[in-house]
Amino acid sequence: MAVINTQGLTKFYGDSPGIIDLDLEVRQGEIFGFLGPNGAGKSTTIRTLLNFLIPTRGSGTVFGLDIQKGTVDIRRRTGYLPGDLAMYDRMTGREFLLYFANLRGMDTSKKVAELSERFELDLDRRIKDYSTGNRQKVGLVNAFMHEPELLILDEPTAGLDPLMQQEFQEMLEEVRAEGRTVFLSSHVLPEVERLADRVGIVREQRLVTVDSVEAFKGLSRSTVTIRFATVPEPDRFSNLDSVFDVDTRNGGDTLVLSVEGSIDAVIKQAAQCEVLSISTRADDLEDVFLSFYSGASSDAS
Amino acid sequence: MLRSVFTKTLYDFRRQAMGWAIGTGVLTTWLVSFYPIIRDSDEMADLFEQMPPQMMSAFGIDPDTILTGAGYLSGQLYSFMGPILMIAFAVSLGTAVTATEERNNTLDMLLAAPVSRIRVISLKLAASVLLASVVPVTMAVSLLVLNEPVGLRLSVVGIISMNVALLLLGLLFGAITAAAGSLTGKPGSARGIALTLAVLTWFASAFEPFFDWLAIPNQVSPFTWYVGQNLFLEPWSMGLIWIALTTMVIAGSSIWLFTRRDIATELAVLPDTAVTRRRSRTISPRRVTLLRSVAGKTMWDRRRTIFYWMGGIASLLLVTFAAWPALAANAVAMEAMVNALPTEMFAMFGMTNPESLSTPEGFISSRAYLNMGPLIMILFTVGGVSSLLSKEEQSGVLDMVASNPLPRRTVLLHKVGALTLQTALIALFLVIVAFAGNALWDTGLVPINMIGANVGLALLGLFFGGMALAVWSLTQSGGTAVAITSAFAVVTYFVNGLGSVVDSLAVVRPLSPFYWYIGDTPPLAKGIDPLYGLLALGAVIGTAIAVWRFDKRDLAV
């Protein structure tokens, strides 16, 4: 079942586009990574889903409810962490969370105590005196404290130390295990790689591709370095379909090959010569995403 | 303009400095334009002869020279309004030297650049001196231009000397602000320390004739050095040297304190205090019952400041009550003054019925309900709309509020409701103060009139608050809302006042909200006027527009 579903969702600010023709489906119980460079339209999408922005055209549903008509019910079942976190600086963390729990008409004190202990967060200080990381923790507690069915998180680990990032990742995995859904906008690619089931990439206000993390990994390239006893004919490898770049070293007896997908053809070709050594290194997901960001292989999907 | 700390400071204040120059120029011209009326009226001369000398000195009036240009200007401009403008601007400049940047955490960035602290603060102080001089320079230029045409008969040296003195007075309090900012790192504390000192030293100087115990404080008050003699007539004073030297010592100490300061912590590191204390401290939840709703939170925000607003208008009201017996004793002089001055002059201050000034209703209204009172009340409501909604939208915290399961209109209506309640509380407090003042000074006011005037005042504030709300929701800009509403308030204020004497304005006068509030009768003399209903209606319409618009527009990015 789709928790978030949009059809041709488009938002213009006057003449300048925020997001164009977004068709997106986020399924129940998954962690959906939403990636893209700054200004690509991630926050616009999120703020449109929450009805902070009125769509220029197109439509969307969350929990099957229309994002405009059903917004109050949607927000009741959603936890939100804004990317550009602003809070009431003169309140303490505890006052802030108490107020927001009251706006939900809930008593979340138990959950707040549990979460703040988990994050090692002292709630009885003024928010303006918190460090960036502690502010972020208050924001996260606010998003998690009512145990929402859907979490919409914009740059959630910004400012958190590695220990807290790990704690946060465990929390997300627990959320998924309970069948709840996470819409995660992030720049921290290893985090997305580790957590997300599926990933959508936006670039220049359009959704470029959506696929599972595994599929993205399948797209990944690897670098194969082979040292031969004698200098091989260069054409041997550059003619292969899977090889798209050949670099020669050591006066020509060492080849550095960039290979897309399987390296089977390369190995079979190399076996016809005397090989002194061979090493392979898989490019990580980061390289794949970077190529999408820059548009170098936007046709690869 | 962004080449150095010096030019950057000038650049930051370019609009403000322009505003102060315009304001100062208008005020000077306006006050000077009344001079011929005062000079040529025999009744004014009689009036000044009859006023008690202590009262005159408290307002900087010298009976021997008041009817000359030098006496009139030193009394009307340079003893009160001028210093207020000068010190207000100097203090805001002094706050910006280091404290504002420290609070905003931009000081860290600035000091990370390869510039020494001494250089940073010295350049900022120097730029502030240049900016502060905008006020006296504008006054001096205005006086030089108006001197001949109006017949002020001022000497050029006198004009220069008077304005140098005004500048020095401002720089002194600016330096105190900067030093307090270097010491505390907090803009609020810096401003508070400087303004408190300014009020206390002014009081010591102005009220010395009334109280013997002020003799010694009077000697050390910079205001005494400043007003010790009429500088238009005797342009040389040792007092100026003293102010200049004190200012330099304090400015020097602000530099010294700044070089020893831990940036963005609570205390300056003075030689004998090793500071390890962190500024954040544990605070138990406060007034949690108020945090149950958006309206409650809005009350929570102003749980302290509302008392300042109440206190401000209430003390104005009490002082006016207290002044009535003295004026009643001089009723003849009072009436003579009313007859002597043109009605236009009263109309400028909202007094559309000057004859009523010799009644307690008219007099007390004239001070508390016709100009300062409405000004403070409108600042409260329009400022409330600005801080509750437009600033929250701008900072992004409104996103957090809007992510909760509440319709947007609920958020808006809660905030408006709380603001209305706060306004009503202020009005209620003013009613109580009025009853007390009435009993204490025996002014014989009727209860329903005291209630009515405050109902009218509150509704006037809410009318402009509603208007600001509507403009904000339509334009999405808090700055635009405040600007349009203030401009509308100023224009309609004068339309009502001048409309009572200028025929061409009489047609539009009934459209002014100030006409509904004041009309031709002092608020303390008319109970609950049916026209107040129009003010309430305006507030409701403004809110309705805001709700309608706010429900279906984008929250700002």
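**Entry 1: Ile159(B)**

I began with Ile159(B), which counts as buried because 24 C-beta neighbours lie inside 10 Å of its own. The cut-offs I used are 20 or more other C-beta atoms within 10 Å for buried, 12 or fewer for exposed, and partly exposed in between, with C-beta atoms placed from the backbone. This is a predicted model, in which local features need pLDDT of at least 70, side-chain atom pairs count only at pLDDT 80 or more, and totals for chains, interfaces and linings use all residues. Residues are numbered from 1 along each chain as its sequence is written, and chains are lettered from A and ligands numbered from 1 in the order in which they are written.

I found Ile159(B) in helix α10 (residues 156–184) of chain B. Helices (H or I, at least four residues) and strands (E, at least two) are DSSP runs, numbered from the N terminus. Leaving out residues up to four places away in sequence, I listed Ala140(B), Leu143(B), Leu144(B) and Leu154(B) as touching Ile159(B). Contact here requires C-beta atoms, placed from the backbone, within 7 Å. I also looked up Asn147(B), 12 residues from Ile159(B) along the chain, and the two C-alpha atoms are 9.8 Å apart.

**Entry 2: α15(B) and α22(B)**

I next looked at α15(B) and helix α22 (residues 408–441) of chain B, whose axes are 8 Å apart at an angle of about 40 degrees. Axes are lines fitted to C-alpha atoms, for helices over the stretch in contact, and angles run from 0 to 180 degrees between N-to-C directions. The pair α15(B) and α22(B) is therefore oblique; angles under 35 degrees would be roughly parallel, over 145 roughly antiparallel, 65 to 115 roughly perpendicular, and the rest are oblique.

From α15(B), I noted Val294(B), Ala295(B), Thr298(B) and Met299(B) in this contact, and from α22(B) residues including Val411(B) and His414(B).

**Entry 3: chain B against chain A**

I recorded 28 residues of chain B and 26 residues of chain A in the contact between the chains. On the side of chain B, α15 (294–301) and α21 (397–402) are the elements that give two or more residues. The largest share, four residues, comes from α21(B).

**Entry 4: chain A**

I counted 11 helices and 14 strands in chain A. Of its 301 residues, 41% count as buried. The average pLDDT (the predictor's confidence in each residue, from 0 to 100) is 88 for chain A, and 95% of the residues score at least 70. Where pLDDT is low, the predicted coordinates should not be read in detail.

Key
Two residues are in contact if their C-beta atoms, placed from the backbone, lie within 7 Å.
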